[in-house]
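Please look over the sequence and the structure shown here before reading on. The report that comes after them is written for a reader who is new to protein structures.

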Amino acid sequence: MPSTPATTANNSSTGTTGAAAPEIMLELVDESGNTIGTAEKLSAHQAPGQLHRAFSVFLFDPAGRLLIQRRALGKYHSPGVWSNTCCGHPYPGESPFAAAARRTHEELGISPTLLAEAGTVRYNHPDPESGLVEQEYNHLFVGLVQSPLRPDPEEVGETAFVTPGELTERHAHAPFSAWFMTVLDAARPAVKELTGPAAGW
């Protein structure tokens, strides 16, 4: 499946390096997902990691193909690897649903339709390249893409719509984020309900 490089910027990055980047705070949670405090984004990811709230979005086209993105090379965490449509962290006090819609628009220039909750998953994934650790309580969302993509190149290197078979082939040969299969497997029941049996998820 051919990939589409990102060529146009929509807004300033919140996930890339930069001298004037503002301090970003994350919401720390307990094992049940209850808020217990806040921490600065980078410090929360430094080993052994602090458990914090996150979200992952899986969007599909009308044919049931999954939109994946290759993270921009300037990202501080897991640069240049393929991952799900969008992922990130709510601001303290921001609902995961609102954060998912916000970041999808900031990164990809689209507003998902039929965006729905798809459960939660808790994981601990170290990144061997950077030494950072993803200790996350992740809220999952599924939805549809029904408008042209306008990716921010500071966030997104490439995008691709893939069938299950194409994803399996790409996953076998290209680097993916450490958390990708964990969040995809956790979201599969909602994905199957959204896309129907013909899509093959």
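The sections below go from the overall picture to individual pairs of charged side chains.

## Basis of the report

This is a predicted model, in which local features need pLDDT of at least 70 and side-chain atom pairs count only at pLDDT 80 or more, whereas totals for chains, interfaces and linings use all residues. Residues are numbered from 1 along each chain as its sequence is written, and side-chain values use heavy atoms, with hydrogens and water left out.

## Overall picture

The protein has four helices and 10 strands, where helices (H or I, at least four residues) and strands (E, at least two) are DSSP runs numbered from the N terminus. Along the sequence, these elements follow the pattern β-β-β-α-β-β-β-β-α-β-β-β-α-α.

Of the 201 residues, 52% are buried; buried means under 20% relative accessible area, exposed means over 50%, and partly exposed lies in between (1.4 Å probe, protein chains only). Among contacts with a separation of 6 or more, 70% are between residues 24 or more positions apart, a contact being heavy atoms within 4.5 Å.

## Salt bridges between strands

How many salt bridges does a search of the whole structure find? The search finds 11 salt bridges, each defined as a side-chain nitrogen of Lys or Arg within 4 Å of a carboxyl oxygen of Asp or Glu. One of them joins the side chains of Arg-53 and Glu-27, at 2.6 Å from N to O. Because Arg-53 lies in strand E4 (residues 52–60) and Glu-27 in strand E2 (residues 25–29), this pair ties together parts that are 26 residues apart in sequence. Arg-53 counts as buried at 8% relative accessibility, and Glu-27 also counts as buried, at 8%.

Another salt bridge is formed by the side chains of Glu-158 and Arg-70, at 2.7 Å from N to O. This pair links distant parts of the chain, with Glu-158 in strand E10 (residues 156–162) and Arg-70 in strand E5 (residues 66–71), 88 residues apart. Glu-158 counts as partly exposed at 21% relative accessibility, whereas Arg-70 is buried, with a relative accessible area of 18%.

## A salt bridge within a helix

The side chains of Arg-103 and Glu-107 meet in a salt bridge of 3.0 Å, N to O. Both residues belong to helix H2 (residues 96–108), and because they are four residues apart there, about one helical turn separates them. Arg-103 counts as buried at 6% relative accessibility, and Glu-107 counts as buried at 3%. Salt bridges that share partners join Lys-75, Glu-94, Arg-102, Arg-103, Glu-106, Glu-107 and Glu-155 into one network.
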